[in-house]
Amino acid sequence: MSALPTATVVVCVYTEKRWFDIKAAVDSVLDQDVTPLETIVVVDHNERLRERAEREFGPLGVVVVANDKKQGLSGARNTAVELASGEVVVFLDDDAAARPGWLHALLAPYEDPDVIGVGGVAHPKWPDGRPRTLPGAAPGDPNATGELDWVVGCTYTGQPTERAEMRNLMGCNMSLRAEVFTRVGGFAEDMGRIGKNPLGCEETELCIRARQAYVADGRNPRILFEPRAAVDHRVSDDRVSWRYLLRRGWAEGISKAAVSKVVGTGDSLSTESSYTMKVLPAGVIREAKERNAASAAAIVACFGVTAAGYVRGRLPGATAHVRLPAGRNTGA
């Protein structure tokens, strides 16, 4: 077996309120059995947090920098991409802690030259057990999934349980070859989170854009889901409420509309079609049979507001602000 590619691990941060999560994330990277070429912490327009991170992590060899681009997660990631020296750029959320063997599991599939991206599992760490707003078939199992776990940035029911190809990576726990960013540009800074704003889908858009570009070049790009690359993703109290569920669903719908605008409806909704036709109805039926009316209603309500958000996002002018970053060969 060939040697693993070199890796730059990136943790983007924005608030001191997550300090203990940030420290756990960075420590989990430094504790891996594979040593990254470099670890970069990008601080999103928060000088006080940048100074604290520099004091804490600088002596450990971690590179701490300020986001010098548009405020938000996409801008912070693009800042790191420009600095990264590794052959693979790995992204870990600031409220996620990698499990042992995580980095090795992410990097091993790159032995295949067709692989351009690899993502892993994110297990939710609930504040007080699985909530009714985010139901699952095995609510007592900390490693089990639920139909709506994507709402809190975690692996959800319907995703593969073994290594498999997938359309796009999940931002909490993902990696891409550095050449992808050279080829197609970075994350679209008009998408993605800014603080607690739940808009997203910038990872989906980038993966689709990358696949389309590589296929146009006559290549066979592969994006893989590797369940052995696992992280624990903390879920805060405010994200298990009905208010957040509906707000997040609405934002997801609008975000999907923005993705459809720039990469086409077929590619942008290919995964969602199976999910809405099979996974969601099965979840509703299960919860109804178990007389969990609130949980069944949560699935229906989340789908409804997501669909409504998508319709809203498709209206003229709704996503007119979205622009793509320029890549070497995109013609942008």
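Predicted model: local features only at pLDDT ≥ 70, side-chain atom pairs only at ≥ 80, totals over all residues.
Residues are numbered from 1 along each chain as its sequence is written, and side-chain values use heavy atoms, with hydrogens and water left out.

We describe a pair of aromatic rings by the distance of the centres and the angle of the planes. Rings of Phe, Tyr and Trp (its six-membered ring) pair if their centres lie within 6.5 Å; planes under 30 degrees apart are stacked, over 60 edge-to-face, and the rest tilted.

There are five aromatic pairs in the structure. Take Phe91 and Phe181: their centres are 6.4 Å apart and their planes at 70°, so that's edge-to-face. Phe91 is in strand β4 (residues 88–92) and Phe181 in helix α5 (residues 178–184), so the pair ties together parts 90 residues apart in sequence. Helices (H or I, at least four residues) and strands (E, at least two) are DSSP runs, numbered from the N terminus.

Next, Phe91 with Phe187: edge-to-face again, 5.5 Å centre to centre, with 90° between the planes. Phe187 sits in the loop between α5 and α6 (202–216), 96 residues from Phe91.

Buried or exposed, what is Phe91? Buried, at 2% relative accessible area; the cut-offs are under 20% for buried, over 50% for exposed, partly exposed in between (1.4 Å probe, protein chains only). Phe181 is buried too, at 7%.

Finally, Arg77 lies over the face of Phe91, 5.7 Å from the ring centre. Its charged end also sits over the ring of Phe187, 5.1 Å from the centre. That label needs NZ of Lys or CZ of Arg within 6 Å of the ring centre and within 35 degrees of the ring normal.
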